[in-house]
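Trainee: Could you go through this structure with me, one question at a time?
Mentor: Gladly; here it is.

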Amino acid sequence: MKLYCLSGHPTLPCNVLKFKSTTIMLDCGLDTTSVLNFLPLPLVHSPRLSKLPGWVSKDGTVNLEKELKECAGRVFVDSQPEFCLPEKELLDLSTIDVILISNYHCMMALPYITEHTGFTGTVYATEPTLQIGRLLMEELVNFMERVPKAQSATCWKNKEIQRMLPGPLKDAVEVWTWKRCYSMQEVNSALSKVQLVGYSQKVELFGAVQVSPLSSGYSLGSSNWIIQSHHEKVAYVSGSSLLTTHPQPMDQSSLKNSDVLILTGLTQMPTANPDGMLGDFCSNLAMTIRAGGNVLVPCYSSGVIYDLLECLYQFIESASLGTTPFYFISPVANSSLEFSQIFAEWLCHNKQSKVYLPEPPFPHAELIQTNKLKHYPSIHGDFSSEFRQPCVVFTGHPSLRFGDVVHFMELWGKSSLNTIIFTEPDFSYLDALAPYQPLAMKCVYCPIDTRLNFHQVSKLLKEVQPLHVVCPEQYTQPPPSQSHRSDLMLELQPPPMPYRRCSVLSLPFRRRYERIHLLPELANSLVPSEIKPGISVATVSAVLHSKDNKHTLQSVPKPPPVPPTKKRKRVIEEPPEVLAPKPLLSGAVPLEAFLATLHKHGITEVKVEETADGHILHLQAEDTLIQLEEDGTHIVCDNNEPLRTTLRDLVLRFLQKL
C-alpha cells in the first residue's frame with residue numbers, strides 16, 4: 001500500500017492511495033496562496049496601480065519592468081493571477097480510478113486533473129459539496145474573465161532569473177508549473193464526472209474495496225472517508241470539526257479500528273478560539289459603524305459567511321445597528337444563500353427541526369425579507385444606485401487580488417474611519433494587504449477556523465485508536481513562528497508518519513487475508529474430520545474462480561463422456577486433468593514411542609540429537625537420518641528404497657490422515 005503526496009499545503013490536500021489494485025485520489029485542493037505574488041485585478045482602471053515602477057535588479061543586469069512592479073518595498077507580478085497545481089509528474093494521473101472529495105474547498109483543482117491528464121474515472125462527493133463547489137468555481141472563473149489582462153508574464157519564471165528576484169518570489173515553489181484559471185466549459189465537464197453519495201452509503205470499487213463518506217462536521221456536506229476491504233481499513237480524515245456550527249455533527253465512531261488513519265486539514269489558527277473571534281468581529285464592526293465608517297469583510301461566498309450573518313442577526317438589535325445596510329456581493333450570492341436553506345438534511349439537528357415548522361433554518365432569510373441584508377451579483381447595476389454608507393460589505397475574494405473586494409479597497413483604503421475585517425484563515429492578511437500600502441483604513445484580523453485543533457485531534461485519536469497515523473510534515477513540529485509551543489504539534493505513540501509534497505510513503509501494514517466464497521454444492525460435499533476436541537478439518541478439491549476481485553471455489557468439472565463413434569475428428573477442448581488429492585497429514589511424531597517402534601523392527605543403534613526445531617535421529621548401522629520437526633518429517637536414505645518405505649510407513653502410523 002502506497003501513499004503519494006501531490007500537494008504541500010496541509011489544508012488544501014491532494015494525495016493518491018494505491019490500495020488493493022485500486023488507485024484512489026483523496027481530494028484535489030488548489031493552492032491559491034500563489035496569487036499573493038500578483039498585482040490585484042481592479043474592476044475599473046486604477047491610476048495608482050498603473051503608475052507603480054517596474055522592477056530592475058540593483059546591478060541592472062535583470063530588467064523586468066514590464067512583468068514585475070514594485071509597491072511599498074515588495075515586488076509583484078503584473079499578469080493574470082496563477083495557481084499552484086497539485087504535482088502532476090509523480091505518477092501517471094490517467095491511472096486514477098476514483099477521486100474522493102471531502103469538502104468544497106478541497107475540489108477547486110478538479111478541472112485541471114479531470115480535463116488535462118487523461119482521467120477516465122469517477123469522482124465521488126455529496127450533493128452540497130458538488131453544488132457549492134460549482135458556485136465557488138463559477139465565482140472564480142467570473143472574477144478572472146471579467147477583467148482579462150492583455151499581457152502574460154513568463155520571463156520571471158526562468159530558473160536563473162527567479163534566483164535573483166527579491167523576497168517571496170524567489171522562494172515560490174515550482175513556478176513554471178503554475179497555471180491560469182480554467183474556463184466554465186472545463187468546470188462543467190469536470191463536474192459531469194461527479195457521482196453523488198450520501199453519508200454512510202457504501203460504494204464498491206471493482207469489487208476490491210468499499211468506500212463510504214461520513215459526516216465531518218466542518219461545512220455543508222463535508223465528509224471523511226472510510227476505505228476498506230474485508231480485512232483492512234483506512235480512514236481519511238480531512239477538514240473536520242467538533243464545534244456546534246450549522247453542519248451535521250462529526251461521525252467519530254465509524255473511524256474506530258482503522259489500520260491506517262490519514263489525517264489532514266487541521267485548523268490553520270491553532271491559537272485562535274472561533275467564539276472569541278466572532279465576538280471581536282461583532283465589536284469591531286459596531287465600533288466602526290458608530291464612528292461613521294464602512295466595514296469590508298473579504299470572504300468566500302459560502303461557509304463561514306452563514307455563521308457571520310447568524311451572529312450579526314442576534315447582534316444587530318442589541319448594538320442598535322438596525323438601520324445599517326449589509327451588502328453581500330458575489331456573482332453567486334443569490335444561489336449560495338438559497339442553497340444553504342434547501343440542504344436541510346445536511347444541517348445539524350437544531351436547524352433541521354426548523355424546516356418542519358416550517359421556518360427557514362438560517363436567519364439570513366429574515367434579514368433578506370426585512371431588507372437588512374441585500375445581495376447583488378456585482379457592484380455594477382442595481383448596487384450602485386441603492387448603495388448607501390456607512391455600510392457593511394461582504395464580498396470576495398479573501399486574497400484581495402481579484403473580485404469586487406479590489407474596488408472597495410481602492411475606494412475606502414484612504415480613510416482611517418473604515419475598517420477591513422479578515423475572517424478567512426487561508427491567506428496571511430499582511431501579504432494580502434501588501435499591494436495596497438500605504439493604507440489608512442484600519443485592519444482587524446479575526447480568523448475563524450472551526451477545524452480540529454491539536455488538542456481535539458489528540459483526544460479523537462485516543463478514542464478511535466488507529467494502528468498508524470499518517471499526516472503532513474507541518475503537523476509533526478511546532479509552527480516556525482512559535483517554535484517553543486510543543487502543544488501545537490501531534491505527539492503520538494508510535495510517532496505519526498510525516499509526508500511532504502512529492503513524497504511517496506509505503507504504508508506499514510501488509511495484507512494477509514483474502515475472502516473466498518464456497519459454492520453451496522461444494523460445501524455440501526465436504527466431510528469434516530475431528531483433529532482435536534471441537535476442531536474439525538476438511539480438505540477441499542476445487543477450482544478457484546476469480547472475477548472483479550471476488551474469489552469463488554467451484555466444484556471440479558467432471559470430464560465429458562467420450563462419444564461412442566468417431567466419424568469425424570473434432571478438436572475437443574479437454575478439461576484439465578485433475579489428480580486425486582493426496583491425503584493431508586496432521587499431528588506430531590512422539591519421540592519415545594517412535595524409538596520403541598524402530599526397536600521392534602530391529603533398528604537398535606539410534607543416536608538422538610536435539611535441534612532448535614525438534615530432533616535428528618541418526619540410524620548408524622543403516623547410515624540414515626530422520627529429521628523430526630514440528631511442521632515436517634524428512635527421511636534421508638541413500639540407495640535403500642525398501643528401508644525408506646518401511647521408515648515412511650512407521651512415521652505415518654503416528655499421524656492422522658485427512
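Predicted model: local features only at pLDDT ≥ 70, side-chain atom pairs only at ≥ 80, totals over all residues.

Mentor: Residues are numbered from 1 along each chain as its sequence is written, and side-chain values use heavy atoms, with hydrogens and water left out.

Trainee: How many salt bridges does the structure hold?
Mentor: A salt bridge is counted when a side-chain nitrogen of Lys or Arg lies within 4 Å of a carboxyl oxygen of Asp or Glu. By that rule, the number of salt bridges in the structure is 18.

Trainee: Arg48 forms a salt bridge with which residue?
Mentor: The closest N and O atoms of the pair are 3.2 Å apart, and the partner of Arg48 is Glu410. Arg48 lies in helix H1 (residues 47-50) and Glu410 in helix H13 (residues 405-412), so the pair ties together parts that are 362 residues apart in sequence. Helices here are DSSP runs of H or I with at least four residues, and strands are runs of E with at least two, numbered from the N terminus. The partner asked for is therefore, by the 4 Å rule, Glu410.

Trainee: Is Glu410 buried or exposed?
Mentor: Buried means under 20% relative accessible area, exposed means over 50%, and partly exposed lies in between, using a 1.4 Å probe and protein chains only. Because the relative accessibility of Glu410 is 18%, this residue counts as buried.

Trainee: Which residue forms a salt bridge with Lys351, and why does the pair tie together separate parts?
Mentor: Lys351 lies in helix H10 (residues 349-355) and its partner in helix H8 (residues 304-318), so the pair ties together parts that are 41 residues apart in sequence. With the closest N and O atoms 3.0 Å apart, the partner is Glu310.

Trainee: In strand S31, which residue stands opposite Val608?
Mentor: Strands pair if DSSP finds at least two bridges between them, and five bridges join strand S30 (residues 606-610) to strand S31 (residues 614-619), which run antiparallel. S30 and S31 form a hairpin with three residues between them. Within S31, the residue opposite Val608 is Leu617.
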